[in-house]
Amino acid sequence: MFKRLFSLVLVVALAAAFFPLFATIGDRGDVSPLAESYLADAPDALGSANLVTSVIVTYRGLDTLGEVTVLFAASAGVSLVFSRLGSSSDGRRPVQNHAPSELVVTGAGLLLPLIFVFGVFIFVHGHLTPGGGFQGGVVIASGVLLALLAGTLTELSHGMLSVLEMLSGAGYVAVGLLGLWLAGGFLDPRFLPTGEIGSLFSGGAIPVIYSLVGIKVGAELSGVIDAMRRRRVVE
Amino acid sequence: MTQMILTKALYTVISLAVITNYALILIGTMARIRAKVQGRVGQPFYQPYIDIVKSNAKRTSISHGVMFFLGPVFRLAGGLGTYLFIPAIFGSVIFSNFSFSGDLLLMMYFIFFGQLGMALGAGESGHPHSAIGVARGLAQMTAFELPFVLSVVALAAQYGTLSITEIVAAQQGGFTHWAAFTNPLAMIAGMIAFLGMSGANPFSVVVAPQEIPIGPPTEMQSSFLGMLQTNRAIFNGAKMVLFMNLFWGGAAHENLLVAILIMVVKTFLIYLYVTIVGASFPRFKTEQSIRFFLGVPTVIGIAAVVLQMV
Amino acid sequence: MVSPVVLIAASLGFAFLYPLVERLGERAATRIALLVLAAFAGTTAGWTVSLIGSGVALTADTAGFVAPLSIQLQVTAVDALAMTVVTLLALAALVQLTERATDRWHGKQVVLFFVLLLGSYGLIMTRDLFNVFVFMEISGISVFGLLSTSRDGRVFEAGFKYMVASGLASVFFLIGTAFVYRSVGSLSIADITAAAPVALASPVGVMGLLFLVTGILIELKPAPANGWAIDTYQAADPGIGALLSAVNATAMVFVLVRVMPILAGASPVFVPLVLIAGAGAFLIPQAQALLQESFKRMLGYSSVAQIGLVVLAIVIPAAGVPFAGVALAVPLVLLLNHAVAKATLFWIADATGDDASGFGGSLPASLRGRPALLVVAAIAVLALLGLPPFPGFWAKWSLVMGLAAGGHIGLLVVVLLGSLLEVVYLGRWLIMRMRHVDDDATVVSQRIPADFAESRADAVSGAASGASDASGAAAGAIPVGATVSLGLATLLMAGASVAALLGSGVGMPVLIVLIGVAAFAVLDVLRIPLRLQAIVAIAGLSWWGVSAVSGAALTLQSGFVLLFVGGAVVQLVALLARPGRRAGLVALIVGMVLSLAALTAATSPLEVFVAWELMTLTSFFLVVRGRFAAAASVRYLTFSLASALLMLAAFSLATAANPAFGTGGGVIGTLTTSVPWAAVLLALSVLIKLGAIGLHIWLPSSYAEAEDEVSSLASSVLSKAGILLLFLGAGSFAAPLFAGVALNQVLGWIGVITALAGGMMALFQEDIKYTLAYSSMSQLGYMVLAFALMSHLGWVTALYLAVNHLLFKGMLFLAVAGIVMRTGTRLMYQMGGLIKRMPFSFVSVLVGIIAVSGVPPLAGFGGKWLLYTALIEQGWYLQAALALFSSGIAFLYLFRLIHSMFLGQRKTHHDTVTEAPAAVLIPQFVFLVIIIAISMFPNLLIKPLQTIVEPAFASSVRWEGYTVISSLGYWNGNAVMYVVIGVFLAPLLWLLAVKGRTYRVEQFNIVFAAERPHTPQSTHYAYNFYGHYQKAFGRLLDPWVERFWSGVSATAGTVSQTLRAWNTGNPQTYALQILLYLFLTYLVARGGL
Amino acid sequence: MMTQILTVLAFLLMALGVWGLMSRRHLIRIIIGFSLLDTGVHLLLVAFGYRSGGTAPILSDGIGVSGLVSGAVDPIPSALVLTAIVIGLAVTALMLSFAVRMYARTRSIYIDKNKELKW
């Protein structure tokens, strides 16, 4: 109880301490010179319409690679976390899945193709419209989840998932290295023609990278979902 | 060279002979006096001679081993040495002994020599009473060393020397120059310590006759005992002479005989004082005497020293 | 040269492809992984080689644009070096993890391992603020994933706490980044640093940076907001622990290094802020670690503390001899030193498989009889403690010097205090590990059996001890992986040490010490028998000593060289007595002697300190060899290193005041400082080493519980080091401290009281070795007293006493060694009557005690005469009286010693005892001859000593033939000798003449009260010999000092208890603490509420 | 004005998240509080990228490069936010799975029943 009180006091104190800091931030009419140079030069330099994407995939490509790595590590971690659980013998047993409801099954049949297509669309057009590899990957993973709930998919083949993960990840790195050797630097997409802005095949390797990311994210999240699903625990 | 050595040897013999006989007679006399005080007839004053002769005349003797055999020798050597490093009579060549090869410090440490040797001999006898006696004796000795040392240091500080001869020299010219009067505190501490040193009551627990028959010398007999008795005389003599020199102006006169007479009187008085105290007090336990010596006398001694420092 | 970005791409690519690689089979896959790591190591090493020296850095922009447009990676020489070490450690770690008995890593674990490594690389290389965040998260998440594979189920709880904490940290970091970007408009660290003074100086900027730095600090696991990290260390698989503190933490530190310029540029509040944070992070965990039962948790505390120290070092510029001026050298060395050592310890924890820290004594002595593992563990611990010759030592030295130079006295205290605490718990662990199997680590004073039954226990188990060692060796074997990785780490540490040593610019003598130890260690490894080793050592040392002093004028240092080397060489002979293998004994002894010699040859404070530390270490390992020496050596190590730390403090203060301090070669008074506090600290440190009263509780047990030969060396030779140091620092002690009282007067009183107290305590010991140990303490007290006189006679006396003490104490201890060897007991009252069985030993003991007690005519008296003359000359009357009294006491215990052992009644089972072996007797008699010689002709010794003291004082005594004459008195040792011989011979002849037939009777032939005792051998009067003295003194003899120190340690325990109770284990409390931490940094930054 | 509102909103979200993190006993709720905190930070980032009346930094027929320079919001924070979101997602996933294991071990979903390690 005392601790609760103390933490309340502390939170309030911190709030009081830092509120002015936040309250003083006002609008600004311009953007930072760095951003400005992006806005000005990026389209011609990279030929990708969506500047956020150019920043994500190219200028700050290393961040994105790291981001992929984080996700990868997380999914590996999650599967490690649950790997021991089934084997550990303290009276836990996986429960039967209840049969999915009629609605879900039919809905799934209708929606699944759309969802997957939509996902693919999102990451393929990441350099043109809002969206990109991660968004697309997540959509696909949600599709997988739905499939699992609806019983359309009962088991995910781990082999396939890990192969997808592996290939897409390795592919990403490979593309990066190609950039290093064929173009200006690591993750430089311009070893492919940048094309003319707005068309699907523009922005050099950006669509490639986003597709790889999309596949990878989709596969990894599906893996996470699967790991959590199959090792469910009840009392 | 040789002639010099021979004369020195001769002087030494004379000096020793005088002190030995005088001490023996003195001891006998004192025993008799004590007897009178206690209302007994007492022994003749020449009893110590008889004892020594008797012991040495024994036909057989028993030895427990080398150290046992050497013990009395050490003891006597200690006695002799102590005496020989003290100038018995100030300004006399004959009685100056070897006082020029060492000073007060040497003398004080040489007292240990005999103690150690005797203790070793007594120890090897393997008789528990000897060991007990030794333990008590040594403990008590260290205890009275403290006030004694303090008074000696006070004197050294007062006269700025450690040489006995010079200390005596500094006390010449009337009894007002005696350390006893120029430095009374030191004298008091020293004289109390002397009681312990002389091992009479109340500090006689070392030889406690009723409890551990005569302590360290328990196993000593025949000529061994004889030596111890001889040493008792010489050692006592030496100590009395030492204290005479330290506090009571020593014995000095252009006429040697007079000087000897002075020494006799002074040492007699010193010994008398020991006897009187001994006759009038019961015996202390060891821890009691240790506490005693580390108590008042030490404080007095410290006071004496501090007086010299300020 | 390989582009930095390739390293990242490669590790990531390998991580992605690893499942494919594993199709080749697990073992093959791990092998390949190792190869990849090796390649990385090669790359980074290549960078290091090419970058070091050249000021340039290796830069790589990404995406074909230059920073700030795109993210930039950069590798400086420092980074490259760090990355090399990290990679090598990672390599070792992977070996250990994939080649161990249980829980071999495979599959996703290896993948995550590479991701973790990648994260660390990124943290070190990236120059983009947000990218730092990404790599932080990469490392973090891979760690979480790996954590989950630990056996201990509690790891999930710990991991959860860790996630909450690092989640908060990254939130702080993000907020900070956001504000920084808002104010600067760029994320490139270079830009931000450039813009900081302008753009970030505003309150908003500072607030943002406040979030940023707090985030980084939290990631560095600073106390007092680090309970989550500690819990993780405790629950995690030791292998992961090693990764955490060796790889992850190391990389995280670099983030702070990058950000520090920004902070410093933006506002002056940040430097003190980081300093405070570092100090807290260093000191608090050291205290918390004191009571840890779990070794892993203890290591966790130690790790966070070490990182705290590094944080300090990042801010404090180095000073002193090594590393001065080299940017970031000190933090880097500290960091890498810690990484290697800590990883080693975690791997040992994994290999030995038990997690006990040794607190409370219940720890298997699992390193006894496993020399290799023991050496590795010892190296790691010593390196962690920052002791020479390991790299951390030089860094710590420079850091402390820098602290003093910068006037950061408070931080100086913090660093020294923390180091001392670290010594206590790490040292305890090491000692408990290497202690003898039947030592329960409680022995700090003599052990008397309950009743007087003659127990032969020691002798019996002594025979058994060999076997028990063997059993210790038989304990679980080390898995191959651990062997490889430990070996690798140790090689790394060794190489670094050699490099640092050569770079440190210390002189040849110090190197010789290490060379000597190494050489004899090699002999040990080659299984050269002990006797041969001893002979080689004797030959080598005497050759070395002779060549060192031959031709050189007689000065203080050449004199002490003679003392050290000579004394040691003679006593080494005693080693020939016992055949059989005693690993490391000779090497350590040689090391100790050489380090003492190095102490004399030191020409700078650094060299003095190194030699001092080496001497401490070698002697410590000698002491700890004893069969019941565990508890004793804990005390020894603690007090010795406390003394060393005090000396370090003194040196740093003195150097800060006067840069030329101590650079003069080892003549008298080299280490003279005018800074009062430096002088006091120096005096304290020496007094500890000399076992002065109040600081002595380590001394008796250490000297007594060590092996017998070691005891004699320690108390006769080793104990003189302190005296030497007194002379080196001579000038410091004369200056008045307060109210006109000079330090040397205080020293004088301490000395004389020590002499008295030591004697008193020796009086009541039944255990012979304790008696001698206390007697050494008392004798050292005399030397301090004499030295403190600061007069010609006083110093001559001090040196005279030193020589004399060396002679007779060596004699006595060796004699005792022989007797203990034969009788199998150390309790005097269990001996007795040995004179007829061991006459030679008796003679040397007899001469020895006469020499100690100062009974004329032997040499001891010379010392006493000089001492009292000097004292009275200076008007130190009371001291003189006390000294005389205590020499009487000395006479008491010495007589007790010889009586109880040799005289009195012999025990029946000792009837067949034989004389001590020749090898033990020879050195005794060498000493004996020397003693007799200098007794007959004191000038043989005193005159050289005078020439040694000449440079400081003109002579105040004159010689007439053999008579030495002072202003007060005179002494003619020669004449005295003749008189004594005379007065001794006369009665002897007389006795031989008059005695009639002498019957030599059996010893048992005693009678009292006209009755023969039934069992004479039971009438040996020896037990509690001076009971009446005890009675007389009563409560004065209570162990006040023991009580005081146990009180101190109890208090330390309470403090530690209170501090560690702060880590409640509740995640929310930890979150609370982190927010509190943020709030505190906020307050510090604002300068109060 | 917009920025200010967003910032304060983000701030409140963070405070709310922290409070939840500190005061709830149920592991899942703590994690939810944690996500709130994350979201707050993300909001803050976005807010900092905003420029008054800004448009999405996407080239389309209407807006040319010049239009972007004059009118588009800062693309960098958007990029950062995306990364941050994904990372937050990863952490949350791991937290949840750890929570499951803690529950499986101690049979309690309450935080204060899950503190064996201490001191």
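## Terms and source

A residue is called buried if 20 or more other C-beta atoms lie within 10 Å of its own, exposed if 12 or fewer do, and partly exposed in between, with the C-beta atoms placed from the backbone. By this definition, 51% of the 119 residues of chain D count as buried.

The model is predicted, and local features need pLDDT of at least 70, side-chain atom pairs count only at pLDDT 80 or more, and totals for chains, interfaces and linings use all residues. Residues are numbered from 1 along each chain as its sequence is written, while chains are lettered from A and ligands numbered from 1 in the order in which they are written.

## Chain D as a whole

The secondary structure of chain D consists of four helices and zero strands, where helices (H or I, at least four residues) and strands (E, at least two) are DSSP runs numbered from the N terminus. Because its radius of gyration, 20 Å, is well over the 14 Å that the globule rule gives for 119 residues, chain D is more spread out than a compact globule; the radius is taken over C-alpha atoms, and the rule is 2.2 Å times the number of residues to the power 0.38.

Along the principal axes, the C-alpha atoms of chain D fill a box of roughly 60 × 25 × 25 Å. Of the contacts in chain D with a separation of 6 or more, 59% are between residues 24 or more positions apart, a contact being a pair of residues whose C-beta atoms, placed from the backbone, lie within 7 Å.

## Thr7 of chain D

Thr7(D) lies in helix α1 (residues 2–23) of chain D, and it counts as buried because it has 24 C-beta neighbours inside 10 Å. Leaving aside residues up to four places away in sequence, Thr7(D) touches Leu44(D) and Ala47(D) as well as Phe22(A) and Ile25(A).

## The largest nonpolar core

The largest nonpolar core has 686 residues, and those with the most contacts inside it are Val153(B), Leu89(C) and Ile589(C); such a core is a set of buried Ala, Val, Leu, Ile, Met, Phe, Trp, Tyr and Cys residues joined through C-beta atoms within 7 Å. Helix α31 (residues 792–823) of chain C gives the most to this core, with 21 residues.

When residues up to four places away in sequence are not counted, Ile589(C) touches Ala537(C), Ala568(C), Leu572(C), Leu622(C) and Leu713(C).

## Where chain C meets chain A

The contact takes 46 residues from chain C and 46 residues from chain A. On the side of chain C that touches chain A, α5(C) gives the most, with 10 residues.

Definitions and conventions:
Contact = placed C-beta atoms within 7 Å.
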